[in-house]
Amino acid sequence: METQKEAAVSLAKMMSEESAPMRHIDLGSPPPLEPPVAGYRFPGPPPPIYSCTLTPELVAKAREELQEKPEWRLRDVQALRDMVLKEQPNLRTRLDDAFLLRFLRARKFDYDRAMQLLLNYHTSRRAWPEVFQDLKPSTIKHVLDLGFLTVLPHPDPNGRYILCLRPGKWKANDYPFEDNIRAIYLTLEKLIQPEETQVNGIVILADYTGVGLSQASNPGPFLAKKVVSILQDSFPIRIKAVNIINEPRIFKGIFAIMKPFLKEKMAERYVLHGSDLRSLHRNIPRSVLPEEYGGVAGHLDMSAWSKTLLDSEEEFIVEFCQPDPLEGLVLPDSMLLEGQQPSGAAQDDDTFRGLRSQLYYCY
């Protein structure tokens with residue numbers, strides 16, 4: 001009997017030791033509901049309490065290019081927070097460290113300019129309700145499904161994510177042009193979350209294949225000016241280069257609409273490559289480009305970024321589907337963006353009629 005008892009204990013112990021790892025696997029690594037996206041690991045949202053995630057190399061880069069001193073970082077954030085509370089006490093805005101750092105980095109830790117950018121950021125929402133009302137990924141799924149934009153899986157050697165736009169995928173009778181702007185804005189909001197992007201900036205790759213007169217003339221100077229105003233003056237992101245590829249002759253007319261609203265520094269960052277892939281590769285290496293653009297990073301995949309955005313639905317609801325942060329706030333005329341002055345639309349429409357002939361000529 002003793003031998004049988006010892007054998008039973010030994011068997012139970014052996015079963016316990018063998019089953020423990022199986023329980024660990026079942027609980028810790030459940031089988032995925034769908035295949036993971038290979039090579040696509042966009043960073044998640046920052047933690048609620050700020051903790052610097054920059055590598056030593058990026059800390060040095062931020063110090064050199066953005067005048068960011070790690071030992072003074074939180075002091076600078078507090079200074080901007082105090083400015084908001086003192087000068088705009090009724091402004092309903094986030095005041096956490098991670099959020100305010102975006103604006104300080106975008107304006108190289110100049111408090112006044114960072115404060116102006118923060119106010120512009122909120123003012124733009126009031127200026128363009130068609131874009132910012134009920135702004136969440138599910139409302140622009142049709143734009144994502146059409147393949148209008150994506151973010152390439154891998155950043156370039158300078159650590160910059162590449163926003164790929166394909167305007168030719170959109171037709172004027174598909175949906176309002178503003179839906180494209182909604183998709184771009186949500187993408188920028190997601191891109192700016194990682195501190196790496198705040199320091200490195202982003203690169204835009206715009207493929208104009210299939211763009212004709214209908215796409216070129218639909219936005220017009222009025223909307224173009226509002227888009228440029230948001231990207232240049234109302235969003236805390238550094239756009240380091242805009243690469244245009246496969247642009248048709250009509251692009252001269254498109255750029256003529258945009259250029260008057262671009263700052264000289266931004267206009268100089270536009271590079272037109274035509275159909276010359278070798279020219280593109282001198283600016284964006286083949287290692288991070290999809291095969292469609294002569295790269296070696298596989299086929300262009302639109303689904304990965306679409307899933308990234310759609311999986312962020314709840315955080316965007318918290319961020320954007322709230323009462324107007326400027327409600328009850330009186331802003332001077334100098335603070336108002338274009339679009340808040342109804343008379344401006346008529347003036348821009350007149351400008352557009354003057355440029356339409358140029359579009360036809362280029363086309």
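Reply: Helices (H or I, at least four residues) and strands (E, at least two) are DSSP runs, numbered from the N terminus. In that scheme Met258 belongs to helix H12, which covers residues 251-258. The model is a predicted one, in which local features need pLDDT of at least 70 and side-chain atom pairs count only at pLDDT 80 or more, while totals for chains, interfaces and linings use all residues. Residues are numbered from 1 along each chain as its sequence is written, and side-chain values use heavy atoms, with hydrogens and water left out.

Me: What makes the contact of Glu71 and Arg63 a salt bridge?

Reply: The term asks for a side-chain nitrogen of Lys or Arg within 4 Å of a carboxyl oxygen of Asp or Glu. Between the side chains of Glu71 and Arg63 the N to O distance is 3.4 Å, and the pair is therefore a salt bridge. Glu71 counts as exposed because its relative accessibility is 53%, whereas Arg63, at 39%, counts as partly exposed.

Me: How many salt bridges does the structure hold, and which distance is given for Arg105 and Glu195?

Reply: The structure holds 16 salt bridges. In the one formed by Arg105 and Glu195, the closest N and O atoms are 2.9 Å apart. This pair links distant parts of the chain, since Arg105 is in helix H4 and Glu195 is in helix H9 (residues 195-200), 90 residues apart. Arg105 has a relative accessibility of 1% and so counts as buried, and Glu195, with a relative accessible area of 7%, is buried too. Salt bridges that share partners join Glu68, Arg73, Arg105 and Glu195 into one network. Elsewhere, Asp156 forms a salt bridge with Arg160, with the closest N and O atoms 2.9 Å apart, and both of these residues are buried.

Me: How do you know that the side chains of Ser312 and Lys190 are in polar contact?

Reply: A polar contact is a pair of N or O atoms within 3.5 Å; within protein, one must be able to donate a hydrogen and the other to accept it, and residues adjacent in sequence count only if both atoms are side-chain atoms. The contact between the side chains of Ser312 and Lys190 is 3.0 Å, and therefore falls within that limit. The side chain of Ser312 also reaches the backbone oxygen of Thr308 at 2.9 Å. Ser312 is placed in the loop between helix H15 (303-310) and helix H16 (313-320), and its relative accessible area of 4% is why Ser312 is called buried.

Me: How many disulfides are counted, and what makes a pair of cysteines one?

Reply: A disulfide is a pair of cysteine sulfur atoms within 2.5 Å, and by this rule the count comes to zero. As for individual cysteines, Cys52 counts as partly exposed because its relative accessibility is 31%, while Cys164, at 1%, counts as buried.

Me: What is noted about the phi of Phe109, and where is this residue found?

Reply: Phe109 has a positive phi of about 60° although it is not a glycine. Phe109 is found in the loop between H4 and H5, and its relative accessibility of 10% is why Phe109 counts as buried. Asp134 is another residue other than glycine with a positive phi, near 55°. Asp134 lies in the loop between helix H6 (129-132) and helix H7 (141-146), and its relative accessible area of 37% is why Asp134 is called partly exposed.

Conventions:
Buried < 20%, exposed > 50% of the residue type's maximum accessible area, 1.4 Å probe, protein only.
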